[in-house]
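Take a walk through this model, one stop at a time. Keep the sequence and the 3D view side by side.

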Amino acid sequence: MGVFAKRSMAKTRRRRRDLDQVASDIASPRHLELYKETKDVEDLPGLGQHYCIPCAKWFDTEANLTSHKKGKPHRRQLKQLKDGAFTHKEANAASGLGVDNGPVKPKMAMEIDIA
């Protein structure tokens, strides 16, 4: 018998940039340039010429980039960027922290006259 999940133990997924980093890339071209300066051009696909900013992904050719932009993963990433990242305030509100609705008031019963 051997290890069935040997490949998954040896290989990890590629690390991508988080939504807040991509949002700051879109907002500030300087932030994107600083990120691109950290990468070696020789190590990038297509020598770093074809880059999808919302997905933070490099492509070999312009055709691959164009077909990627038509695809579902790209559209999903655009939707996530449009919705924005959750803030601490939203997370606390979802868990019930910081929400005080005050004391519960009894509801008044309505009287109906049947004539």
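Two residues are in contact when heavy atoms of theirs lie within 4.5 Å. Helices (H or I, at least four residues) and strands (E, at least two) are DSSP runs, numbered from the N terminus. This is a predicted model, in which local features need pLDDT of at least 70 and side-chain atom pairs count only at pLDDT 80 or more, while totals for chains, interfaces and linings use all residues. Residues are numbered from 1 along each chain as its sequence is written, and side-chain values use heavy atoms, with hydrogens and water left out.

Start with the whole chain. It has six helices and two strands. Along the sequence they follow the pattern α-α-α-β-β-α-α-α. The chain has 115 residues, and 17% of them count as buried. Buried means under 20% relative accessible area, exposed means over 50%, and partly exposed is in between (1.4 Å probe, protein chains only). Now take the contacts with a separation of 6 or more: residues 24 or more positions apart account for 28% of them.

Next, look at how helices pack. Two packed helices are described by the angle between their axes and the distance between the axes. Axes are lines fitted to C-alpha atoms, for helices over the stretch in contact, and angles run from 0 to 180 degrees between N-to-C directions. Angles under 35 degrees count as roughly parallel, over 145 as roughly antiparallel, 65 to 115 as roughly perpendicular, and the rest as oblique.

Find helix 2 (residues 19-27) and helix 5 (residues 72-83). Their axes come within 10 Å and cross at roughly 85°. Helix 2 and helix 5 are therefore roughly perpendicular to each other. At this meeting point, helix 2 brings L19, V22, A23 and I26, while helix 5 brings Q77, Q80 and L81.

Stop at Q77. Is Q77 buried or exposed? Q77 counts as buried, because its relative accessibility is 6%. Leaving out residues up to four places away in sequence, Q77 touches R16, L19, P54 and C55.

Helix 2 also packs against helix 3, at an angle of about 120° and with the axes 5 Å apart. That makes helix 2 oblique to helix 3. Here Q21, S24, D25 and A27 of helix 2 meet P29, H31 and L32 of helix 3.

Move on to the loops. G48 sits in the loop between helix 3 (29-37) and strand 1 (50-52). G48 is partly exposed, because its relative accessible area is 23%. Apart from neighbours within four places in sequence, G48 contacts V41 and W58. G48 and F59 are eleven residues apart in sequence, and their C-alpha atoms are 7.7 Å apart.

The loop between strand 1 and strand 2 (57-59) holds A56. Its phi is near 55°, a positive value in a residue other than glycine. A56 is buried, with a relative accessible area of 11%.

Finish with the rings. Y51 and W58 form a tilted aromatic pair, 4.3 Å centre to centre with 45° between the planes. Rings of Phe, Tyr and Trp (its six-membered ring) pair if their centres lie within 6.5 Å; planes under 30 degrees apart count as stacked, over 60 as edge-to-face and the rest as tilted. Both Y51 and W58 are buried.
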